[in-house]
Amino acid sequence: MMPEISLNVLDVAQNSVRANASLIEILLTVDHARDLITIVIKDNGCGMTKEQLDTVEDPFFTTRTTRKIGLGIPFFKMAAESTGGSFNIESTVNVGTTTTATFVISHIDRMPIGDMNCTIHSLITLNPTLDFVYTYDFDGLAFTLDTRQFREILGDIGFDEPEISQYIMNYLKENSFEVDKGIQI
Amino acid sequence: MKSLEELKAIRERMQHQVGFRSDSGDDQIRVVVGMATCGIASGARPVLTALSSAVQEKSLANVSVTQTGCIGLCQYEPIVEVMEPGKEKVTYVKMNPEKALEVVEQHLIKGTVVTKYTISSAMDK
């Protein structure tokens, strides 16, 4: 099990990287009125066939070759469903995959969201050639980070340059604070 | 609120610095953190953050920190591998941010392998 929801996101987003996606969109919505946290991870990678999709929630299905067990998706699914939430994956070959998980905020078994900024920052700086769109919506107030905007400004300067990496972390922290006022869920 | 204007200012500044980083040097050290499910679940993210920040703060231009998938030794995660040209790969196991900073200080800067955290010493126990 992952101790934070944000770690599940980091883990499951790696599947999109391995699926050769060029654009990964991550949406985090906190909605107290509906008592629900929703996470959507959408990519434009290679997608999965119907047969693969049927087996993907099975721990004994994995595409990696180092061992025969894959726990990323089962962990995420279990974390969501154990709160009374839901879990769904939709995929089309050569179009992409969308993973959606919902968590009931007030449920005792719900893990904290954790450090989502750190997860997004790690994904961006570790995969500097991929584009990420991250939207954080907290009770209707939202901000969006789009690395395509960064890229347009930066030209050939990489996201892993220390100064840029630091800017991206501060951009995440300051804009997240604008929408959630530092409230940790 | 952080704006894109600030990023433009950083770019202006950086464009005036020529060759701000030497990525292709012969002495390039690669530090690789295992970031599969097993690594992340056992705490690889804070280790990676500690390594990247320390390398940035100390301006170690010859060190690049990257990630890899499951190395196949899940019980020893978080795992950090250090690869230096012409030297044997060093595998550090059961890492945490404090140990990672020690590796930066001793191994990456001073060139001394921190043997107490390597996989060979973990297997001897």
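This is a predicted model: local features need pLDDT of at least 70, side-chain atom pairs count only at pLDDT 80 or more; totals for chains, interfaces and linings use all residues.
User: Which residues of helix H5 of chain A are buried, and why do they line one face of the helix?
Analyst: H5(A) spans residues 147-154. Down its axis, the buried residues fall within an arc of 120 degrees, so they line one face. The buried residues are A:Thr147, A:Phe150, A:Ile153 and A:Leu154.

User: What do the buried residues of H5(A) pack against?
Analyst: Both chains contribute elements. From chain B comes helix H1 (4-15). From chain A come helix H4 (116-126), strand S5 (131-138), strand S6 (141-146) and helix H6 (162-180).

User: At what angle do the axes of H5(A) and H1(B) cross?
Analyst: Packed helices are described by axis distance and axis angle. Here the axes come within 9 Å. The crossing is right-handed. The angle is roughly 35 degrees.

User: Which residues of H1(B) does H5(A) meet?
Analyst: The H5(A) side supplies A:Gln149, A:Phe150, A:Ile153 and A:Leu154. By class, the contact has five nonpolar, one polar and two charged residues. The H1(B) residues are B:Leu4, B:Leu7, B:Lys8 and B:Arg11.

User: Is A:Gln14 buried or exposed?
Analyst: A:Gln14 lies in helix H1 (residues 5-18) of chain A. Beyond its neighbours within four places in sequence, A:Gln14 contacts B:Met35, B:Ile40 and B:Gln67. Its relative accessibility is 7%, and the cut-off for burial is under 20%. A:Gln14 therefore counts as buried.

Notes:
Residues are numbered from 1 along each chain as its sequence is written. Chains are lettered from A and ligands numbered from 1 in the order in which they are written. Side-chain values use heavy atoms; hydrogens and water are left out. Buried means under 20% relative accessible area, exposed over 50%, partly exposed in between (1.4 Å probe, protein chains only). Helices (H or I, at least four residues) and strands (E, at least two) are DSSP runs, numbered from the N terminus. The arc is that of the directions from the helix axis to the C-beta atoms. Contact means heavy atoms within 4.5 Å. Axes are lines fitted to C-alpha atoms, for helices over the stretch in contact, and angles run from 0 to 180 degrees between N-to-C directions. A crossing is left-handed if the near helix is turned anticlockwise from the far one by less than a right angle, and right-handed if clockwise. Ala, Val, Leu, Ile, Met, Phe, Trp, Tyr, Cys and Pro count as nonpolar, Asp, Glu, Lys and Arg as charged, and the others, Gly among them, as polar.
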